[in-house]
Amino acid sequence: MRAIYADKPSSVDPLSALCIGEQPEPADSDTDRVTVTVQAAALNHHDLWTLRGAGMSVDRYPVILGSEASGIAEDGAEVVAGAMIVEPRWSHDPVRDPARTLLGENLPGTFAERVSVPRHALAPKPAWLSHEEAACLSGTWLTAYRMLFTKSGLRPGETMLVQGAGGGVSTALIRLGRAAGFRVWVTGRDASKRAKAEAIGAHATFAVGRPLPEPVDAVMESVGRATWSHSLRSLRPGGTIVVTGATPGADANAHLNRVFWSELRIIGSTSGTLEEFRRLCHFMHHHNLRPDIAEVLPFTDARQGFERLLASDVFGKTVFTWQ
Ligand SMILES: NC(=O)c1ccc[n+]([C@@H]2O[C@H](COP(=O)([O-])OP(=O)(O)OC[C@H]3O[C@@H](n4cnc5c(N)ncnc54)[C@H](OP(=O)(O)O)[C@@H]3O)[C@@H](O)[C@H]2O)c1
């Protein structure tokens, strides 16, 4: 079958590892696994990390990329695949499962005509969303949902700062935060993305690093080194920073004096549970929220999408389809 895969990793030139070609079909389905015919799959930074070899041993390559998708199961059901995958019998918080993984990590990913998914990790596709929209939910929007509603402790009327204007996670945070009744402030590197952030729900936007008019209750941090010190400086005493990513790098100055003096709370957040996914879908339906899609590309033009993601030349999600 046709697939997009990483041949062997390259930390210096990740796109040199990107291949579009034939890969083996998934193993036959059984009681535990379902083969899903992929209709649409969304591109994530995780795919760039895999091209770079981050967190993967070289002997695991080639790896079919893609960690979230919407498709059709063998029984004809429309399904969404890609939340964090845990052992079927694991009953605790998924992030504590030592065997937890993602599609496109320890399992072949969603950038293929077909993908095998553990049965317990599939969710029904929301009928009111297209496959392209639904493909953005199980990784990106679920991550944003958990950051805001499970981890941040924000209450309606409080102020949240989103670092980064046009990212997949950022745009989801803006729309979810606005719908939840938070005051949504956003930083962004360029004026056109800041204007778009305001158009989708931000109450105010600021150039990256600029002092804010007043301290915020919580910061949603998916950027990392480039915005970390501004995030800490922007919080009120006792405020919370929820961290989910470190795109340009993680080795930020810890500013420990600020952390203890203002009793700041630094909370990590990763992906989400299927229960959070169900709640996310209800919330989106109730508030008529849809993911911002920068571009839908045929899988054959995937390199273009990777290049734009690498250059941060997107607002929202890039989605691939086989049609
Ligand atoms: N832990 C998890 O479960 C999880 C899930 C999803 C994503 N993530 C991670 O979260 C991060 C963001 O994911 P994403 O899908 O939103 O990626 P994305 O679509 O590429 O967005 C990247 C964001 O970072 C901002 N940014 C990048 N470099 C910057 C810099 N030097 N200075 C200021 N802002 C910068 C961009 O701002 P502008 O748009 O303003 O240019 C953009 O908003 C990635 O590292 C990803 O791996 C983690």
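1. The shell around the ligand holds eight nonpolar, 15 polar and two charged residues. Here Ala, Val, Leu, Ile, Met, Phe, Trp, Tyr, Cys and Pro count as nonpolar, Asp, Glu, Lys and Arg as charged, and the others, Gly among them, as polar. The model is predicted: local features need pLDDT of at least 70, side-chain atom pairs count only at pLDDT 80 or more, and totals for chains, interfaces and linings use all residues. Residues are numbered from 1 along each chain as its sequence is written, and side-chain values use heavy atoms, with hydrogens and water left out.

2. There are 25 residues around the ligand, and H45, G166, V169, R189 and S271 come nearest (a residue is near if one of its heavy atoms lies within 4 Å). Helix α4 (168-179) and α1 (45-52) each supply at least two residues of this shell; α4 gives the most, with three (helices are DSSP runs of H or I, at least four residues, and strands runs of E, at least two, numbered from the N terminus).

3. Where does the ligand lie relative to domain 1 and domain 2? Both domain 1 (2-136 + 291-321) and domain 2 (141-268) give residues to the shell, so the ligand lies between them. The bounds come from an automatic or database domain assignment.

4. The strands β2-β1-β4, in that order, form an open sheet with antiparallel pairing (two strands pair if DSSP finds at least two bridges between them). β2 (18-22) and β4 (63-64) stand at the edges with a single partner strand each, so one side of each has no neighbour in the sheet. Five bridges join β1 (residues 2-6) to β2; A3 has G21 in β2 as its bridge partner.
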